[in-house]
Amino acid sequence: MNRLSRYCDGLIEASWLLAVIVAPLYFFVGLAQTFDLGKTIMFRITVLIGVAAWISKWISSGNFRFEKKSFSVLWARITGSPLVPLVGALAAVYIISSAFSISPLLSLRGSYERFDGLGTLGSYVLVFALVAFNLRRREQVDRLITTLAVVSFAVDFYAILQHFGFDSITWREFNVTDRALSTLGHPIFMAAFLGMTLMLLLGRVVFLVYSYRQSTARNVTMLVLAAFYLGVSVLNLLSIWYASSRGPIIALFLGLLFLGFSLLVYFKLRRVFYIFSAISVLLLVFTAVLNIPGGPLAGLRDRPFIGPLGHIFDTETGTGRTRVLIWNGMLRLVLPHEPIRFPNGDSVDQWNAIRPLIGYGPETISLIYENYYLPEMFSMESYDLIHDHAHNEFWDVLAFYGLLGFVVEYGLFLSLIYFGLKWLGWISSGLENKLYWSLSLLGGLLGGVIALVTLGAEYLGLGIPLGLLLGAVVILFMNMLHQDENPASSRDLWRDTIIISSLALIVFHYVEILFGIPVTSTRMLFWIVSAVMLIVGQDVTKELNKIPTETRIRQVGRHACIAISVIAALAPGFIGVAQKGFDTSTVLVNSLAANSYGTLWMFLGICLFACLVFELDVVVTSEYKNLLPNLILLFGIALFTSFLIWLVYAGQVAVISQTSFSDTSRVLVLHLRLIDLQFGVVFILAYICAFVFAEPDKTQILSWKPVPLITFGLVQISALVLSILVNLNPLQANGVARMFNKHVESGQYQSAFELDEALLELDPWQDVYLTGVADANMKYAIGLAGQQNVTGYLLIAEKYVKQSCQLNPLFFPNELEMARINRVWARLSQDSSTRSIRIAQAEQYYAYILEGKPYRVKLWVEWADFRAEFGDYQGAQEKFDEALQIDDTYAPLYLYSANMYMNQAEQQSDPVKRAELFNKALKDVKVGIEMLDRRGENPSLAFFQLGNIYTSLQQYEQARDAYLQADKFGAGDYQWEVYKNLADVSGRLNDISAQREYLQKAIAIAPAGEINALQSELNAINP
């Protein structure tokens, strides 16, 4: 192997180590999507670096000569390796499903929320291939697990900071002291990742402790290192508990059971095995009794310590009920049905007949799923919610990839468990082989039947997958009953603990995704660990067991690179975007010490922990004993270099903070440069790490040949260009989208319009951006009502929405935006003919949307309000009645209906009819307030509306009481109007002092354009 090939090997290892670092840790508040998009893109960048290095290695080794022998050797290697053909089959399923997708572009790119299309799915397969075909040494496996320990420690540290209120970042979406989300962006995602790493860490603890007991030298460092891994494991458990999520806790329980039983079987600890079995049964019984409403343990169900354990089986309220409703809709989606119709009215899904076989394509559930689930979903959750996953892998696979995908994916899961058990020697005969597969299939069948008969068809997504584990459970118990001696003394303990902990990780992931959503961090870890288990299980080469003999300088360099990479991955999230006018030092200090010194201690703690565990690992695996000097050297290098990286980020953020927000073009350039910096750091770290990860060979000192080197450079440049196009540009676009949204929210539309060209140039294929730009133009046109250039902005809005509809025709928010633009156009138009045309077009869009989304009560109400706005009160009442049939608990239904009655009443000259209409409005508002109270929502605006009705009815005492209630709950932007109306009714009630007081309050918070009128009214009051 020449020197360039060895460098490529180092670059490949650097790529998968960076993947396990950046996917869980990277986030950036300067993006519109703080977490998911950035993680996925950074992961894809690392995979692309590794693939480019692999291609370069292949070329530099002379394998670019397309000879028949080369292909035959490659084919033999692929087909002769367990799991690889199945992984290839799954990749083929991804491609087929995407090619026949109901929205091919969406399936290729991925959705705005997840970015989990074919490109990302392919990256998972590629990272598996990178590890499976390039990992060859035991130290690489140990380094990967130790890196995961450091990453887990970082995630845990931040979760604990959040739980105890020491977070330096203020999160508006989550109360992180109740449910920590750490660097993963959601409590469930955090718990899922930590649960997977926990299995590997516990396996490492067992290996170190048992090795210490079996060693004659009794190296105490083994116990110290085991204590570090055990400490991180305890922190993982604590963080999972702080996440307070049922799915990960159920998966954790089953994963730990599998790990525990497997280790007891391996060490033949029969008495402990039976005790462990009894304890497990007691825990299951305790949990079952705890979940019985009104049962003997009902008093414990809501205790803080018990947490989510008390409601695991609750399917009548909360998220449990939501899951059941989602699965019910998924069942109807995957069964044969009428073809889905496209917006043009004539085109339908031409592949409808084979959808049960091939699915609808990756990332497409959000487009079609809503047609099939129950209206109760909207009353359970947000009325604006769009589901893009079923929170159950079984239903997701059937919807995305069909029966073909189900067979291949679950075949892969079962094969992973099968080969793991086989490599442990627990499936060693033809009978055991047949028993495993027959029991697994029988278990899946029985699980499905039991779920169908006892719970309903929607529970097939739990019954079948859990039943498929029957074969593995029986094999475990059978091996415990064997009377052979303890195999641990005659087998490779390191190899077997890796396999056992990997199997436990796979089981945890398998169960967890039956209740949650697999994300980049967890999918990435599953694929990498599966590849590690494949290599370790096969014991591919004797190199795997080779003890490292590198120099200490190289070892220090490797460990420093990993520690630096971990701290660097955290930097963008914590430095973020500073307040205006801050210099570099202030930005850096604030990122580390804002609100508390928690981030600073986390920074130092992670760096110290990483250095300690890596140095202890060296002492354990080699003869080197002089720990302290190299620990000091390593800590100094890691701390200093990490500090420099944070300082560079802080300097760039400081430049942004000192630039006027109104200087849009300058801020844009600086913001893009900051994202470029994050992108560049990943590449630079990868190429630096490659030097120290490459295996040294003194015989290859002069082996840098020009042709392979030039080829290497060309391949890497190509990878960089490709990564910019498919990864960096979408990341930059998301950063621009955040800036655009901030300008729109603050009403600075002209500044926002300076950004839309850059936004759409960076990512012209993202329909969400097109719709966002269109919406901004529409809102700006509303503000220009009565001016000549209104039509120009509406034309721009219409143009962008039409492009958005062409890119993603089944995504109903695009069609809804068209309806709203036409509604606004009709409202602002002075020409009756244009108004009639726009009203008719808006009607068509509302009709199309609600034909496909019949349970969106909010849109029925919007349609009714649209009709009422243009005087079609009878038509509006029809739509209100439709909404009432769907969900009679939707509060805005009654408030909009009341508003319609009020408008009608204002137009009436007959006092009797006028009073009758106001009383109808009064009745509806009171019902609306009651519904808001049931859902625990703010009723302030409803009380404000109630006060207006009472005022119109000249019932001023009741009006004042209603306005006071609005004031009590807080009306937000309308608070000044509450005070204004309170002043008005106080004046009518001759309470002059109260009138003056409320006018003064209104003046203090009113918009600038209203202050003069309010001041004149105040001046007119007699002293």
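**Exercise 1. Find the salt bridge between Glu957 and Arg960, and work out how the two residues sit.**

Start with the contact itself: Glu957 and Arg960 form a salt bridge whose closest N and O atoms are 3.3 Å apart. Keep in mind as you look that this is a predicted model.

Next, find the pair along the chain. Both residues belong to helix H38, which covers residues 956-969. They are 3 residues apart there, so about one helical turn separates them.

Now check how open each one is. Arg960 comes out at 18%, so Arg960 counts as buried. Glu957 has 42%, which makes Glu957 partly exposed.

To finish, look for a network elsewhere: salt bridges with shared partners link Glu13, Arg137, Glu139, Arg143 and Arg558 into one.

**Exercise 2. Take Glu139 and Arg143: are they buried or exposed?**

First, the contact. Glu139 and Arg143 make a salt bridge, with 2.9 Å between the closest N and O atoms.

Then the location. Helix H7 (residues 138-163) holds both of them, 4 residues apart, or about one turn of the helix.

Last, the accessibility. Glu139 has a relative accessibility of 11% and counts as buried. Arg143, at 6%, counts as buried too.

**Exercise 3. Describe the salt bridge between Glu937 and Arg935, then say how many salt bridges the structure holds.**

Go for the distance to begin with: the closest N and O atoms of Glu937 and Arg935 are 3.0 Å apart.

On to the surroundings. Glu937 is partly exposed at 36% relative accessibility. Arg935 is partly exposed as well, with a relative accessible area of 31%.

And the count? The structure holds 29 salt bridges.

**Exercise 4. How much space lies in the largest cavity, and what lines it?**

Step one is the search. Across the whole structure, 10 cavities of 30 Å³ or more turn up.

Step two is the volume: the largest cavity holds about 130 Å³ of space.

Step three is the lining. There are 14 lining residues, and Asp36, Thr40, Pro518, Val519 and Thr520 are the closest to the centre. Helix H2 (36-60) and helix H21 (520-538) are the elements that give two or more residues. H2 has the largest share, with 3 residues.

**Exercise 5. Which helix gives the most to the lining of the second largest cavity?**

Get the volume down first: the second largest cavity has about 110 Å³.

Then pick out some of its lining, including Leu90, Tyr94, Glu393, Phe413, His509 and Trp527. Pro518 is also one of the lining residues here, and Pro518 is among the residues closest to the centre of the largest cavity.

Sort the lining by helix. Helix H4 (84-99), helix H16 (393-423) and H21 each supply at least two residues. The most come from H16, with 4 residues.

Finally, sort by type: 8 of the lining residues are nonpolar, 1 is polar and 3 are charged.

Methods:
Residues numbered from 1 in each chain as written. Predicted model: local features only at pLDDT ≥ 70, side-chain atom pairs only at ≥ 80, totals over all residues. Heavy atoms only, no water. 1 Å grid on protein atoms, 1.4 Å probe; cavity = no way out; pocket = protein on both sides within 12 Å on 5 of 7 lines; lining within 4 Å. Points joined across faces, edges and corners; volume = space filled by probe spheres on them. Nonpolar A, V, L, I, M, F, W, Y, C, P; charged D, E, K, R; others polar. Salt bridge = Lys/Arg side-chain N within 4 Å of Asp/Glu carboxyl O. Buried < 20%, exposed > 50% of the residue type's maximum accessible area, 1.4 Å probe, protein only.
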